[in-house]
Amino acid sequence: MGRITLGLLLLATLAYSKEWKLHIGGMHCIACTLAVKKALLGVPGVKEAKVNFKNETAFVITDETVTLRSMQNGVAQTGYTAKLAP
Amino acid sequence: MHRREFMTKTALAGAICFTPSFLTATQTKTTLAVYDINWTFDLTHHGAQECSLWIPLPSDIPEFQSVLQIGAASDSKKSFQTAHNNYGSATLYTHWEKSAATKTLNLTMRVALHDRQCDFKRKRVCPDEVESSQEFLAPTVHIPTDGTVAKTAQKIVGNEKDPLKKARKIYDWIIANSYRDESVHGCGVGSPNAMLSQLEKEGRMGGKCLDMSALCVALMRASSIPAREVMGIRIGPSRLSAAFGAKEDITKSQHCKMEFFIPTIGWIPCDPADITKLVLKEEIDPTSKRARELADKFFGFWENNWMAFNHARDFDLYPANAQGTLDSFGYVYGEVDGEYLDAFEPSRYRYTIISKKLPL
């Protein structure tokens, strides 16, 4: 029974995972990716974030509660900008 | 376990394994120091992730640094030395696949160093060297030579025409207007504009060695003096001050110096940042006799307890990394599954660097 509940929970979590591709502005060196990643992971509901300096992008996996605005606010606090990447 | 090992140069038995030709007329054996440096990594804790390292290596610098041996042993399947980048910076590249059960590397280096002391006497400089120095007048992403940098340089040098006197004015101005800020991460980011912006707001500039060296380089380039930062690491005690020295564990002893070029002399070493460190560590006034004497000495001098890596800035690594252009290369650069691994946090790499001075 416990295993089934756990499995259902896991499925529910996966089902509500949302993937985002963001364009990050203002990064001037590779070390900036660390600050952006930290900022994104600080937003409640963000599960994973991978930031790339060369492409100026972040791939983010979140739960259903996270909005673009909440991530933009988080990133803005460290001096960078975020918007949906094309 | 697949284990790769290689060794370059000749590892000779005994401490003194270099030729007398390394000495020049202006140097004496008393300034000679030989060090064994051991840099170990263990990235096994990153588990089933791809790991790559680009490690800066020392190269020979006439009359200052001679690399006697470089050796590496690793359980990676791909590990090689290269200097295939815009600055010819010697690099050890090591890559572990996801499946590697362990991810370790043991890098050893033996380096002989002399004090590098410029006598400021005119000499014949090879035309090729004069020509190649011109590359270090150009701006890079982090080293602008226009805008605030150009205006500040003009204010400092005024109507001075002699390049050596202009360089000295800039060097003295950096020391007079900056202070060492211990809260800065690593060697700093090396952004001249950030330093000048701070000066405008606060009246002084706080930073560390890369910040001050980069500013000095930018101001010199803006004054038509070829200049470049030189990334490196302190590898032993200093004869001049504890502020300039290191103990055996040099894991966090990275230090950036700089040099500039005068066509009638050649490349001239200097280090404005270490004077600000002296002032902080010895709690002395920047205008004190001791600070002024050492400022005089460090205009044209590198001590033999510091090993140079490279003068690369804003360049692309080889093989190419996932994150793109690197701003400087004084620390190991690492990626785990394409993500940057913080170079200022040795624990992420589980790396230590140990340096031992050999008896002569």
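This is a predicted model: local features need pLDDT of at least 70, side-chain atom pairs count only at pLDDT 80 or more; totals for chains, interfaces and linings use all residues.

Student: OK. How many helices and strands does chain A have?

Tutor: Chain A has 3 helices and 4 strands. Helices (H or I, at least four residues) and strands (E, at least two) are DSSP runs, numbered from the N terminus. Along the sequence the pattern is α-β-α-β-β-α-β.

Student: What share of chain A is buried?

Tutor: Buried residues are 29% of the 86 residues in chain A. A residue is buried if 20 or more other C-beta atoms lie within 10 Å of its own, exposed if 12 or fewer, and partly exposed in between, with C-beta atoms placed from the backbone.

Student: How many residues does each chain bring to the contact between A and B?

Tutor: Chain B brings 9 residues and chain A brings 8. Two residues are in contact if their C-beta atoms, placed from the backbone, lie within 7 Å. On the chain B side, β17 (326-328) and β19 (339-341) each supply at least two residues. That side of chain B divides into 4 nonpolar, 2 polar and 3 charged residues. Ala, Val, Leu, Ile, Met, Phe, Trp, Tyr, Cys and Pro count as nonpolar, Asp, Glu, Lys and Arg as charged, and the others, Gly among them, as polar.

Student: Switching to helices. At what angle do α5 and α6 of chain B pack?

Tutor: Helix α5 (residues 209-222) of chain B and helix α6 (residues 272-281) of chain B pack at about 140 degrees, with axes 8 Å apart. Axes are lines fitted to C-alpha atoms, for helices over the stretch in contact, and angles run from 0 to 180 degrees between N-to-C directions. That angle makes α5(B) oblique to α6(B). Angles under 35 degrees count as roughly parallel, over 145 as roughly antiparallel, 65 to 115 as roughly perpendicular and the rest as oblique.

Student: Which residues meet there?

Tutor: From α5(B), B:C209, B:M212, B:S213 and B:C216 meet B:P272, B:A273 and B:T276 of α6(B). By class, this contact has 5 nonpolar, 2 polar and no charged residues.

Student: And how do α6 and α7 of chain B pack?

Tutor: α6(B) and helix α7 (residues 289-298) of chain B pack at about 160 degrees, with axes 10 Å apart. They are therefore roughly antiparallel to each other. B:D274, B:I275, B:L278 and B:V279 in α6(B) meet B:A291, B:L294, B:A295 and B:F298 in α7(B). The residues there divide into 7 nonpolar, no polar and 1 charged.

Student: Now sheets. What is the strand order in the open sheet of 4 strands?

Tutor: The order is β13-β12-β11-β15 in chain B, with antiparallel pairing. Two strands pair if DSSP finds at least two bridges between them. The edge strands are β13 (266-270) and β15 (306-310) of chain B, each pairing on one side only. Twist averages 40 degrees from one strand to the next.

Student: How many bridges join β11 and β12 of chain B?

Tutor: 7 bridges join β11 (residues 227-234) of chain B to β12 (residues 254-262) of chain B, and the two run antiparallel. B:E229 has B:M258 in β12(B) as its bridge partner.

Student: Where does B:E335 come in?

Tutor: B:S52 stands opposite B:E335 in β18(B). B:E335 also stands opposite B:Y340 in β19(B). β18(B) and β19(B) form a hairpin with 2 residues between them, and B:D337 in the turn has a positive phi of about 50 degrees.

Student: Last one. Is B:T94 buried or exposed?

Tutor: B:T94 counts as buried, because 26 C-beta neighbours are inside 10 Å. B:T94 lies in strand β6 (residues 91-96) of chain B. Leaving aside neighbours within four places in sequence, its contacts are B:L53, B:S74, B:S76, B:S79 and B:L105.

Definitions and conventions
Residues are numbered from 1 along each chain as its sequence is written. Chains are lettered from A and ligands numbered from 1 in the order in which they are written.
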